Amino acid sequence: MTGIDLAEQEPRELKPALLKGLQLRCPNCGGGKLLHSYLKVNDSCTECGQELHHQRADDGPAYLTILVVGHILGFALHIVYTQLRPDPWTLAIIMSVITVGASLIMLPRMKGLVVAYQWAKRMHGF
């Protein structure tokens with residue numbers, strides 16, 4: 001550390017930070033945008049100046065997205081197939097479109113969640 005003991009730092013609340021991250025907002029103030037393009041994290045918050053370049057999300061958001069979308073659509077596939085019995089090609093096309101759409105919507109939010117978690121836990125220099 002840079003002269004500050006970890007015990008002396010004030011704790012950061014995890015739940016509010018995660019909610020701000022899911023909304024793609026700065027985990028510190030909740031006002032500034034977290035991303036400046038689809039998955040690019042801003043170097044710092046435009047509202048409070050919090051440095052965000054420390055984040056190391058890497059492959060975590062992709063794994064979380066696959067985990068959540070896979071579980072939800074796995075159950076949906078089972079229910080639709082057993083209850084409605086659609087044509088296999090129809091089912092495959094519809095589920096593929098839903099899978100791609102859900103993944104594209106969730107991926108930036110999962111990245112926001114991971115960055116907010118790192119900020120709240122003071123990981124990687126936050």
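The legends below describe close-up views of a predicted model. Residues are numbered from 1 along each chain as its sequence is written, and side-chain values use heavy atoms, with hydrogens and water left out. In this predicted model, local features need pLDDT of at least 70 and side-chain atom pairs count only at pLDDT 80 or more, while totals for chains, interfaces and linings use all residues.

**View 1**
Helix 2 covers residues 60-84; helices here are DSSP runs (H or I, at least four residues), numbered from the N terminus. Helix 2 has 25 residues and reaches 35 Å from its first C-alpha to its last, close to the 36 Å expected at 1.5 Å a residue. The expected span is 1.5 Å times one less than the number of residues. Pro61, Thr65, Val69 and Leu73 of helix 2 are buried. Buried means under 20% relative accessible area, exposed means over 50%, and partly exposed lies in between (1.4 Å probe, protein chains only). Helix 3 is part of what covers the buried residues of helix 2; the cover is counted by contact, meaning heavy atoms within 4.5 Å.

Glycine 74 lies in helix 2 and is partly exposed, with a relative accessible area of 39%. Its C-alpha is separated by 9.6 Å from that of methionine 95, 21 residues away along the chain. Valine 80 also has its place in helix 2, and at 24% relative accessibility valine 80 counts as partly exposed. Between the C-alpha atoms of valine 80 and leucine 91, 11 residues apart along the chain, the separation is 8.4 Å. Not counting residues up to four places away in sequence, valine 80 touches Arg85, Pro86, Leu91 and Met95.

**View 1. Arginine 85 between two helices.**
Arginine 85 is placed in the loop between helix 2 and helix 3. Its phi is near 50°, a positive value in a residue other than glycine. Most residues other than glycine have a negative phi. Arginine 85 counts as exposed because its relative accessibility is 55%.

**View 2. Helix 3 and its bend.**
Helix 3 runs over residues 88-120, has 33 residues and reaches 45 Å from its first C-alpha to its last, close to the 48 Å expected at 1.5 Å a residue. A bend of about 30° occurs at methionine 106, and proline 108 follows within four residues. The bend is the angle between axes fitted to the seven residues ending at a residue and the seven starting there.

**View 3. The annotated spans.**
An unreviewed UniProt entry places the feature "transmembrane region" at residues 62-82 and 88-107. UniProt positions are given in the numbering used here, feature names are shortened, and annotations may be inferred rather than shown by experiment. In the model, residues 62-82 are 100% helix and 0% strand, with end C-alpha atoms 30 Å apart. Residues 88-107 are likewise 100% helix and 0% strand, and their end C-alpha atoms are 28 Å apart.

The largest nonpolar core has 10 residues, including Ala17, Leu34, Leu52, Val115, Trp119 and Phe126. Helix 3 gives the most to this core, with 4 residues. A nonpolar core is a set of buried Ala, Val, Leu, Ile, Met, Phe, Trp, Tyr and Cys residues joined through side-chain atoms within 4.5 Å. A second, separate core of 7 residues includes Val69, Leu73, Leu91 and Met110. Leaving aside neighbours within four places in sequence, alanine 17 is in contact with Pro27, Ala116, Trp119 and Ala120.

**View 4. Glutamine 55 in a loop.**
Glutamine 55 lies in the loop between helix 1 (14-22) and helix 2. This glutamine is buried, with a relative accessible area of 15%. Its side chain reaches the backbone nitrogen of alanine 57 at 3.0 Å. Beyond its neighbours within four places in sequence, glutamine 55 is in contact with Val41, Lys111, Val115, Gln118 and Phe126.

**View 5. Glutamine 9 and arginine 122.**
Glutamine 9 is found in the segment before helix 1, whereas arginine 122 lies in the segment after helix 3. A polar contact of 3.2 Å joins their side chains. Such a contact is a pair of N or O atoms within 3.5 Å; within protein, one must be able to donate a hydrogen and the other to accept it, and residues adjacent in sequence count only if both atoms are side-chain atoms. Glutamine 9 counts as buried at 18% relative accessibility, and arginine 122 as partly exposed at 25%. Arginine 122 has a positive phi of about 55° although it is not a glycine.
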